[in-house]
Amino acid sequence: MEKMRKVLAVCFAVAFMTVLSGPAQAGPIVIKYSHVVAENTPKGQMATRLKELVEQRLAGKVVVEVFPNSQLFDDDKVLSAMLLGDVQLAAPALSKFEKFTKRLQIYDLPFLFRDMAAIDRFQQGPQGQELLQAMTGKGLIGLGYLHNGLKQMTSNVPLRVPADAKGRKFRIMQSDVLAAQFEALDAVPLKAPFSEVFTLLQTKAIDGQENSWSNIYSKKFFEVQPYITETNHGVLDYMLVTSVEFWNGLPDDVRTVLKECIDEAIVHNNKVSEAKAAEDRAKIAESGRTEIIELTDAEREQWVEAMKPVWKRFEGDIGAEMLDAAVASNKN
Ligand code: LMR
């Protein structure tokens with residue numbers, strides 16, 4: 001009985017103090033932004049710029065915490081973590097959304113877009129904008145596209161023609177289109193997170209991989225791959241995503257200013273990506289650690305012929321109209 005009285009007294013005291021101190025003071029909204037690349041990349045620079053803009057325009061209301069280099073989550077975990085509320089922003093490569101939608105597979109089709117300008121036209125057009133909403137039913141909303149650049153093939157053997165890739169093992173992102181692309185070369189694709197690529201290459205567990213100049217440079221893949229073939233066969237771009245729940249739960253005025261900051265940071269990203277593609281290629285060439293193989297038109301045509309049949313296999317999921325719009329974006 002005495003014990004009970006003491007417990008009740010403590011409960012009253014806690015309740016009384018809570019009333020006196022009023023409701024807990026709400027702090028700023030914290031946005032954890034997780035990504036897998038280095039800070040000196042387009043996406044890394046975009047994240048830094050976004051953090052700065054938010055500090056200027058939403059001081060005291062919102063704080064952006066950036067976690068680069070897979071420090072917080074790998075790309076295969078980040079989207080489920082987002083749905084649990086453990087992270088609020090991420091920008092995985094467009095190849096990494098297959099579990100949520102098959103419609104983004106369009107971006108992985110080999111030799112679909114002629115250059116980055118064509119990709120930009122498609123992304124900013126009605127179909128590209130519609131794809132930002134492709135995952136809302138699954139709880140994710142696209143806030144914009146970020147460019148990185150066109151993909152090249154790195155390898156421990158020279159790849160001049162598709163037959164050179166036969167039987168070789170290549171790391172790919174989580175994408176069935178990319179798996180089909182390497183199978184079309186009679187090569188062996190291996191899906192693995194970005195954080196494992198360097199070690200897989202260094203230990204020769206795989207023969208090669210495909211990536212942008214910026215990633216090949218910033219993650220030092222060129223130091224462990226004696227050959228890079230400049231194929232420009234596909235695109236490495238990202239979708240900046242958040243959860244529908246988080247986005248809709250923001251106060252209207254905060255959401256508006258935050259979206260403005262995001263749009264500006266994306267413009268910055270795309271300027272950096274253009275510059276980096278050229279700069280990082282030049283630094284790799286100057287390093288003397290690897291040989292950059294430039295294809296003749298006839299050699300390139302062989303890669304196109306070998307890989308293009310992949311389109312047919314995925315046309316059903318992607319939709320003919322979507323595909324037509326992407327092809328049309330090659331004409332300016
Ligand atoms: C990769 O996994 O190769 C890329 O998606 C990494 C990145 O985010 O650029």
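Figure 1. A polar side-chain atom of N215 lies 2.8 Å from an oxygen atom of the ligand. The model shown here and in the other figures is predicted. Two further side chains have an N or O atom by a ligand oxygen. For K96 the distance is 2.6 Å. For R171 the distance is 2.8 Å. The residues around the ligand include V36, V37, A93, M173 and F194. Also among them are N211, L236, K43 and Y238.

**Figure 2. Two lysines placed over aromatic rings.** K43 lies over the face of Y238. The distance from K43 to the ring centre is 3.5 Å. Both K43 and Y238 are among the residues around the ligand. K308 lies over the face of W311. Here the distance to the ring centre is 4.6 Å. W311 belongs to helix α12 and is buried.

**Figure 3. Aromatic pairs.** How many aromatic pairs does a search of the whole structure find? The search finds seven. One of the views centres on F113 and F122. Their ring centres are 5.7 Å apart and their planes are at 50 degrees, so this pair is tilted. F113 and F122 are both buried. Ring pairs also link these two residues with Y107 and Y145 into a cluster.

The ring centres of Y217 and F222 are 5.8 Å apart. The planes of the two rings are at 15 degrees, so the pair is stacked. Y217 is partly exposed, with a relative accessible area of 23%. Helix α12 and its buried face. Helix α12 covers residues 310-318. Its buried residues are V310, W311, F314 and I318. Seen down the axis of α12, the buried residues fall within an arc of 85 degrees, so they line one face of the helix. What do these buried residues of α12 pack against? They pack against α6 (176-183), α11 (297-307) and α13 (320-328). The face of α12 turned away from the buried side carries exposed residues: K312, R313 and G316. Just after α12 comes G319. G319 takes a positive phi of about 100 degrees.

**Figure 4. Two loop residues with a positive phi.** Most residues other than glycine have a negative phi. N69 is not a glycine, yet its phi is positive, at about 55 degrees. Where does N69 lie? N69 is in the loop between β2 (62-67) and α3 (75-83). Its relative accessibility is 31%, and N69 counts as partly exposed.

D186 sits in the loop between α6 and β6 (188-191). Is D186 buried or partly exposed? D186 is partly exposed, with a relative accessible area of 49%.

**Figure 5. T229 in strand β8.** T229 is found in β8, which covers residues 227-230. T229 is buried, and its relative accessible area is 0%. A polar atom of the T229 side chain lies 2.7 Å from the backbone oxygen of L159. Which residues does T229 touch, not counting those up to four places away in sequence? T229 touches Q152, M153, L159, I293 and L295.

**Figure 6. The whole protein, for orientation.** The protein has 13 helices and 10 strands. Its C-alpha trace spans about 90 × 45 × 40 Å along the principal axes. Of the 332 residues in the protein, buried residues make up 52%. Among contacts with a separation of 6 or more, 76% come from residues 24 or more positions apart.

Methods. Residues numbered from 1 in each chain as written. Predicted model: local features only at pLDDT ≥ 70, side-chain atom pairs only at ≥ 80, totals over all residues. Heavy atoms only, no water. Phe/Tyr/Trp six-rings, centres within 6.5 Å; stacked < 30°, edge-to-face > 60°. Buried < 20%, exposed > 50% of the residue type's maximum accessible area, 1.4 Å probe, protein only. Lys NZ or Arg CZ within 6 Å of the ring centre and 35° of its normal. Helix = DSSP H or I, 4+ residues; strand = E, 2+ residues; numbered from the N terminus. Arc of directions from axis to C-beta. Contact = heavy atoms within 4.5 Å. Near = heavy atom within 4 Å. Polar contact = N/O pair within 3.5 Å; in protein donor to acceptor, adjacent residues only side chain to side chain.
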